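Trainee: Could we go through this model together, one feature at a time?
Mentor: Gladly, let's have a look.

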Amino acid sequence: MYEEFFGLREEPFKLTPDPRYLFLSKRHLEAISCLHYGIERRKGFIQITGEVGSGKTTICRSFLSQLKSDVKYALIFNPCLSDVLILKTILEDFGIQGKHRNKKDYFDAINKFLLEKNSMGQNVVLIIDEAQDLDPKVLEQIRLLSNLETETEKLLQIVFFGQPEFRDILKRPSMVQLKQRITIRYHLTPLNFDEMTEYIYHRLMVAGAPDQSIVFTPKALSVIYEYSNGTPRLINSLCDKILMAAYVSELRQITYQIAEEAVHEIEGIISEEKNIDTLLNASTYGR
């Protein structure tokens, strides 16, 4: 709605993980470097964690777009599956055909596939998003997949993307064998104030904003940082509201007042949603 007013080709603060908008802060660069190093050196298990909205999924999509042609991968974006369904999904993602009746059939088929790719000089990667939602039985199933190896190297590289709770899950006594196999770990932290400022203008530039067509005052940026604490998803949500408010007021300079009003609007929406949830819960319990 506000794109034409600001001279934009598209909305700059969408919440979808579009790799074009990836802002490579120092932390994001380090995370991607860890991924490439772990895959190329066949380190087995890699763990990338971060708070909700920190950019994990965007990093994952960007990393996949950078993989060489000799790397085959499967991406599990719905981890809420049984131990059998997770194996079936992995086979489907790798394009492994055949009739498989039980776990042994699944493992045999995956092992054959991995050996074939290894003989061709190809690397195979299994990537699991939202790893904190994996059932313990499924985690154990995935650990067993890592046993598929030759005498000298891992046949399957496994990458976990998850929220901080995943680290807590791995601290459980039952997870000790899996935890010991994770050789590369990286935790994404929020952007600092300067990175947040660069992030905002980076997204505006990618969206086609002409030079100096949208200017955020220092006080407005302070409001955004205080609200978001440097979390990209929250920055996006607030900046989208801010641009809409500026468009309605026909202003191209983003002031403290506009930013504050946008924060109040978002908090009002959140409060309203919480009130609705409370009423629904009360209604349910009253039945």
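Mentor: Helix H10 (residues 218-228) and H11 pack at an angle of about 140°, with their axes 9 Å apart. Axes here are lines fitted to C-alpha atoms, for helices over the stretch in contact, and angles run from 0 to 180 degrees between N-to-C directions. Helices are DSSP runs of H or I with at least four residues, numbered from the N terminus. This is a predicted model, in which local features need pLDDT of at least 70 and side-chain atom pairs count only at pLDDT 80 or more, while totals for chains, interfaces and linings use all residues. Residues are numbered from 1 along each chain as its sequence is written, and side-chain values use heavy atoms, with hydrogens and water left out.

Trainee: Which word describes how H10 and H11 lie to each other?
Mentor: Angles under 35 degrees count as roughly parallel, over 145 as roughly antiparallel, 65 to 115 as roughly perpendicular and the rest as oblique. The angle between H10 and H11 is about 140°. H10 and H11 are therefore oblique.

Trainee: How many charged residues does the contact of H10 with H11 have?
Mentor: On the H10 side, Ile224, Tyr227 and Ser228 take part, and they meet Leu234, Ile235, Leu238, Cys239 and Ile242 of H11; contact means heavy atoms within 4.5 Å. Ala, Val, Leu, Ile, Met, Phe, Trp, Tyr, Cys and Pro count as nonpolar, Asp, Glu, Lys and Arg as charged, and the others, Gly among them, as polar. That contact divides into seven nonpolar residues, one polar and no charged.

Trainee: At what angle do H4 and H6 pack?
Mentor: In H4, Asp83, Ile86, Leu87 and Ile90 touch Lys137, Val138, Gln141 and Leu145 of H6. The contact has five nonpolar, one polar and two charged residues. The axes of H4 (residues 83-94) and H6 (residues 136-145) are 8 Å apart, and the angle is about 45°.

Trainee: Which helix gives the most to the lining of the largest pocket?
Mentor: A pocket is an open set of points on a 1 Å grid over the protein atoms alone, where a 1.4 Å probe fits, with protein on both sides within 12 Å along at least five of seven lines; lining residues have an atom within 4 Å of a point. The largest pocket has 24 lining residues, with Gly53, Ser54, Gly55, Thr58 and Pro232 nearest its centre. Helices H3 (56-66), H9 (193-206) and H11 (232-248) each supply at least two lining residues. With four residues, the one giving the most is H3.
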